[in-house]
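Here's a quick briefing to read alongside the model. Have the sequence and the 3D view open as you go.

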Amino acid sequence: MRTRATKTLEELGIPYELLEFEAEEFTAAEASARLHIPRAQVFKTLVLRSDSGAVMLACAPGDRELSLKALARAAGARRVEMVEARELMRLTGYVKGAVSPLGTRHGYPTYIDSSALRHPWICVSAGVRGLQIRIEPSRLEKATGARAVELTGPPG
């Protein structure tokens, strides 16, 4: 299946693998369980807005919570908050449960939790519910222009 996310990788010549599963809950935990992948390697893509109105993406592992304070610090903002689900399509071109850091409508700054770099590969949404991209973290960084920073606390 070809999506905007996979098209982005293909245009950049970046290798990836597609993994498909029957999605019902649209969560990283569900993707982890159905694909038999550790939750620490399934990264959720969250869309946030700073106090100045700047939109950004944060990729966090499925076994951890995003620290809004850590993201605000990395983004040079006083505060950040999640955007409402109804805004996702307009801002990214993706629906809830399918937001990918690749192929968004606008080139938002992207931050990825530095824990990604401790894995040989991670999974992120391919832009369709039930479809994940398996990719080397350094290649995802290259494709998105992401900054790897500490965004989460200990696994929960």
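This is a predicted model: local features need pLDDT of at least 70, side-chain atom pairs count only at pLDDT 80 or more; totals for chains, interfaces and linings use all residues.

Residues are numbered from 1 along each chain as its sequence is written, and side-chain values use heavy atoms, with hydrogens and water left out.

- Start with strand E7 (residues 131–135): 4 of its 5 residues are buried, so the rest of the structure largely encloses it. Buried here means under 20% relative accessible area, with exposed over 50% and partly exposed in between (1.4 Å probe, protein chains only).
- Strands, like helices, are DSSP runs numbered from the N terminus (helices: H or I, at least four residues; strands: E, at least two).
- Strand E1 (residues 17–20) pairs with E7 in the antiparallel sense over 4 bridges, and Glu20 has Leu131 as its bridge partner in E7. Two strands count as paired if DSSP finds at least two bridges between them.
- Strand E6 (residues 122–125) also runs antiparallel to E7, joined by 4 bridges, with Val124 opposite Ile133.
- E6 and E7 make a hairpin with 5 residues between them, and Gly127 in that turn has a positive phi of about 100°.

**Helix H2**

- In helix H2 (residues 28–35), the buried residues are Ala28, Glu30, Ala31, Ser32 and Leu35.
- Those buried residues pack against E1, strand E2 (43–50) and E7; contact means heavy atoms within 4.5 Å.

**The open sheet**

- 5 strands form an open sheet with mixed pairing, in the order E4-E2-E3-E5-E8.
- Strand E4 (80–82) and strand E8 (147–149) sit at the edges with a single partner strand each, so one side of each has no neighbour in the sheet.
- Neighbouring strands of this sheet are turned by 35° against each other on average, direction ignored. The axes are lines fitted to C-alpha atoms (for helices, over the stretch in contact), and angles run from 0 to 180 degrees between N-to-C directions.
- E2 and E4 run antiparallel and share 3 bridges, with Leu48 partnered by Met82 in E4.

**Cysteines**

- The disulfide count is 0, where a disulfide is a pair of cysteine sulfur atoms within 2.5 Å.
- Cys59 is buried at a relative accessible area of 1%, and Cys123 is buried at 0%.
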